[in-house]
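These are my notebook entries on one protein model. I set down what I looked up, entry by entry.

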Amino acid sequence: MAGDTLATLAIYAATGYAAFVFAPWFAPEDGVFLMEAIAGMVAFRVLSPHLLAGPVFNLIEPSYPDEEVRAASQRKFCAHFNKFCIHLLFQLWGLRVLLAESWFDPNDWLNIEPMWEGWNADEKSVSGDFREFYLAQMSFFLGSLVMQPFEPRSHDHIAMLAHHAGASTLVACSFVFNCHRIGLLILVVRELTDVMIHAARGLALLQFKLLSEVTLVSLTVAWAVTRNWYYGCVICPVVWNAPLYQHSVVMWKVCMVLCALLVPLDLYYLLLATMAILRRVMGYKMVDPDAPESKKKRT
């Protein structure tokens, strides 16, 4: 527990330092929008268990062995339901913004080199819906960082804190260096699997076993296509050939290294999902380490 506490404090300290470094690059109205969006995200996640996610859970009435396990499952379901709704919103919003961009051709989506045409590191050209989407994404990661300690604790609590801190830093970095085009594409491509992850976990908690397992298989395929292939083999080479990378900008090079580290991490999670599916095919029960029943058996 002491190690977890130190790791948590270190993550918050690093995020605070990054916010201090990047703050001068944002206009005052950007800061106001971020604060409003973070407040909205937090309010939704606080109110949803009472007004939306909780009533859905009670309406379906999944069967659990006792009230303690049922209450814990409902809290978990509410957390996944909230994230599912937010990720789905960002997926649809991001697709609309991406398809409106002149440099992206949906009929030639393997060719993303045009994103660097007319690019200028010193000219902030992002505005309107694009700017709001980008700032809203940043507010989601920062809001998640704020809310993480108050949500049901999972086995990957520290990893999720690090993820939220790293993601918010990467989004801020791409915004500051005017690399929002590549940032937009990365966010949209990786969003789909986030939607499916929380859908699969939510369905499992509602005890829709078959739907949950079908979603898990679909998630694994989508993960391999979007994260392992498109992100790793199509986007990353373009990121590493970015004009800005040729400049001596240390922070941008650090972000490039972080983007590259996502490739082996994505492969690791693909392996875990594949192993879970194979175990199910071989007749083993698929066990969620954060499931209330699993935690109760270990105590």
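**Entry 1: the crossing of α5 and α7**

I then looked up the residue classes on both sides, and the contact of α5 with α7 has six nonpolar, three polar and two charged residues. I keep in mind throughout that the model is predicted.

For the geometry, I noted that helix α5 covers residues 128-147 and helix α7 covers residues 180-205. The two pack at an angle of about 60°, and their axes are 11 Å apart.

**Entry 2: the crossing of α2 and α4**

I next turned to helix α2, residues 28-51, and its packing on α4. Their axes come within 9 Å and cross at roughly 135°. I therefore recorded α2 and α4 as oblique to each other.

Met-41, Phe-44, Arg-45, Ser-48 and Pro-49 are the α2 residues, and they meet Cys-78, Phe-81, Asn-82, Lys-83, Cys-85, Ile-86 and Phe-90 of α4. By class, I noted eight nonpolar, two polar and two charged residues in the contact of α2 with α4.

**Entry 3: Thr-215**

Is Thr-215 buried or exposed? I found a relative accessible area of 15% for Thr-215, so this residue counts as buried, the limit being under 20%. Thr-215 is placed in helix α8, which spans residues 209-240. Setting aside neighbours within four places in sequence, I found Thr-215 in contact with Met-196, Ala-199, Ala-200 and Leu-203.

**Entry 4: positive phi outside glycine**

Glu-61 is not a glycine, yet its phi is positive, at about 55°. Glu-61 lies in the loop between α3 (53-60) and α4 (67-99). Its relative accessibility is 59%, so I recorded Glu-61 as exposed.

Gln-207 is the other entry, with a positive phi near 65° in a residue other than glycine. I placed Gln-207 in the loop between α7 and α8. With a relative accessible area of 36%, Gln-207 is partly exposed.

**Entry 5: the whole chain**

How many helices and strands does the protein have? I counted ten helices and zero strands, and the pattern along the sequence reads α-α-α-α-α-α-α-α-α-α.

The protein has 299 residues, and 46% of them count as buried. For contacts with a separation of 6 or more, I noted that 82% join residues 24 or more positions apart. The accessible surface comes to about 15600 Å². Carbon and sulfur atoms hold 68% of that surface.

Terms used
Residues are numbered from 1 along each chain as its sequence is written. This is a predicted model: local features need pLDDT of at least 70, side-chain atom pairs count only at pLDDT 80 or more; totals for chains, interfaces and linings use all residues. Side-chain values use heavy atoms; hydrogens and water are left out. Axes are lines fitted to C-alpha atoms, for helices over the stretch in contact, and angles run from 0 to 180 degrees between N-to-C directions. Helices (H or I, at least four residues) and strands (E, at least two) are DSSP runs, numbered from the N terminus. Ala, Val, Leu, Ile, Met, Phe, Trp, Tyr, Cys and Pro count as nonpolar, Asp, Glu, Lys and Arg as charged, and the others, Gly among them, as polar. Buried means under 20% relative accessible area, exposed over 50%, partly exposed in between (1.4 Å probe, protein chains only). Contact means heavy atoms within 4.5 Å. Accessible areas come from the Shrake-Rupley method with a 1.4 Å probe; for residues, only the protein chains shown count as cover. Angles under 35 degrees count as roughly parallel, over 145 as roughly antiparallel, 65 to 115 as roughly perpendicular and the rest as oblique.
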